[in-house]
Every structure is written in structure tokens, then in C-alpha cells.
Amino acid sequence: MNVIRGKREHPEEGERAGGTGGSSPARRSVLGGLAALPVLYTVASAIPASADSASADSASADSGRRPGKVRTNTDDLVLGQQRRYNAPLLTPGTRLLLPSGVKAVPVLDYYHRPRLGATASAWPHLRAADGTAVDASVIPDRSAPTRVAIVSGFTEGWYELIHASGRADRVSWDARKLPYLFVHGEFGGTDEEPFKGRFYTLALQPMSRNPYLRSTTIL
């Protein structure tokens, strides 16, 4: 997985088609017990950042690692690096760009009994945790409902986060090995413990398969 940071000037044609309008707290995440699985990525920074999110700091720390090997067992879930973007870098109006043609399926009742929604929709259209239709490419104001989704249909693996400061973080990976992207936005709209409206964060993680197609156990 490659990470490039820089100032964004001109969007690519494919990004315009993909939508330009828009981590996961780990305690209950279905992915929490899978952190030891192989990770496939290399990291490069175009422009060093002085103030960064916790995710980008971890990416820099891991820049010297070599890519891992993909397990051959099709039941294994192989994870790319999860990157988290937090306030104050993450702000309302930050945009999440994905390739054109990808589809998103919401993950319902994520903190209690996560399961896939009945239908997929073309990105950036998505149903938030409260059932409202949202433009998932635009990061919302504080107190907005949680957004959790599995995105698929990548012919090229990449996403780009465009911050209000003008900084652009572009992450790319091999979509043949990691064809899914887990998207989790927690924006302060969850009242239950341990969240209580305190978190404002976006987590993004490429994966080798959709974990919600099999039985799910919450740790």
C-alpha cells in the first residue's frame, strides 16, 4: 500500500466521475482480533507533514517494513494497513474520493450485531446508522450518525482524502489482492459508552474479502 501526501491542485478525470462532494473505535470492531494477520503495504511520503493524524504517524513508522505474503487459504482475511484520520485534521467538509464505479453496502447495527444491508448503492450514496441517505464522500458536522460500509468493485485500489487545509492524502494498493475497502466514520453521534459523542474520526482499511459474508462474532 502506497501513501502519498501533498497539496492537491487538479483532480483526475476518474475522481470527478467518482464523486467529489465528501477509526474505527476498536473495542467492538469485528476486525479487532485480526490485527496479527499479514499486512501488504509500502509507505512513501511526498511532503513531510508537521501536524498529522495518528494514522499518518503510524504509517511513517512502518515505512521500512517489507510487504507481507498473501495467505493461500481463501478463508483467511488479509488486511491492509488501517489509517485513521482524526480532528483537528479531519473536519466537516473533508472529502473522501474513490474510483468511479465502486459500490458501497452499509454495515448495520455495527456496535451490537453487525450485518450487511440488503442492497448496495453506487458510491458515494450510502445509508448512515440512523437510516438516512447521505453523501459518504463528504465528512459531516459533529453529532452526525455513524457511517460503516464495505466498498467493492475496485479495478484500481486507491482513495484520496482532501482536507480543508488543501492537503491531499492519497493511498493506493493492489486491488487484485485487496479488493474491498472497510470505511468507518464515527462523528460524535453515538451516545453509548465508551463513545458518548467524544469521537470524530474516519478509519479506512483495504481487505482481501468481505468479513460480513460469514458468521460474525463480536469480541
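Is Tyr-111 buried or exposed, and what is its relative accessible area?

A: Tyr-111 is buried, with a relative accessible area of 6%; buried means under 20%, exposed over 50%, and partly exposed in between, with a 1.4 Å probe and protein chains only. The model is predicted, so local features need pLDDT of at least 70 and side-chain atom pairs count only at pLDDT 80 or more, while totals for chains, interfaces and linings use all residues. Residues are numbered from 1 along each chain as its sequence is written, and side-chain values use heavy atoms, with hydrogens and water left out.

Start with the rings. The structure holds five aromatic pairs; rings of Phe, Tyr and Trp (its six-membered ring) pair if their centres lie within 6.5 Å, and planes under 30 degrees apart count as stacked, over 60 as edge-to-face and the rest as tilted. One of the pairs is that of Tyr-110 and Tyr-111, which is edge-to-face, with 5.2 Å centre to centre and 65 degrees between the planes. Tyr-110 is also buried, at 4% relative accessibility. Tyr-110 has a second ring partner in Phe-182: the centres are 6.1 Å apart and the planes stand at 40 degrees, so this pair is tilted. The pair links distant parts of the chain, since Tyr-110 is in the loop between strand 4 and strand 5 and Phe-182 is in strand 12 (residues 180-186), 72 residues apart. Strands (E, at least two residues) and helices (H or I, at least four) are DSSP runs, numbered from the N terminus. Phe-182 counts as buried too, at 1% relative accessibility. Through these ring pairs, Tyr-110, Tyr-111 and Phe-182 are linked into a cluster.

Next comes the loop itself. Strand 4 and strand 5 form a hairpin with six residues between them. Asp-109 lies in this loop, and its phi is near 50 degrees, a positive value in a residue other than glycine.

Two strands pair if DSSP finds at least two bridges between them. Strand 4 and strand 5 (residues 115-116) run antiparallel and are joined by two bridges, and in strand 5 Leu-116 stands opposite Val-107. Strand 4 (residues 103-108) also pairs with strand 6 (residues 121-122) in the antiparallel sense, over two bridges.

A cis peptide bond, with omega about 15 degrees, joins Trp-123 and Pro-124; Pro-124 is in the loop between strand 6 and strand 7 (125-127). Ser-143, in the loop between strand 8 (133-135) and strand 9, has a positive phi near 80 degrees. Ser-143 is exposed, with a relative accessible area of 58%.

Rolling a probe the size of a water molecule over the atoms shows where empty space is left. The second largest pocket has a volume of about 280 Å³. A pocket is an open set of points on a 1 Å grid over the protein atoms alone, with protein on both sides within 12 Å along at least five of seven lines, and its lining residues have an atom within 4 Å of a point. Grid points are joined across faces, edges and corners, and the volume is the space filled by probe spheres set on the points. This pocket is lined by 17 residues, and Asp-109, Tyr-110, Tyr-111, Ala-129 and Thr-146 lie nearest its centre. Strand 4 and strand 9 each supply at least two residues of the lining, and the largest share, three residues, comes from strand 4. By type, the lining divides into nine nonpolar, four polar and four charged residues; Ala, Val, Leu, Ile, Met, Phe, Trp, Tyr, Cys and Pro count as nonpolar, Asp, Glu, Lys and Arg as charged, and the others, Gly among them, as polar.

How values were computed
On a 1 Å grid over the protein atoms alone, a cavity is a set of points where a 1.4 Å probe fits but cannot get out, and a pocket is an open set with protein on both sides within 12 Å along at least five of seven lines; lining residues have an atom within 4 Å of a point.
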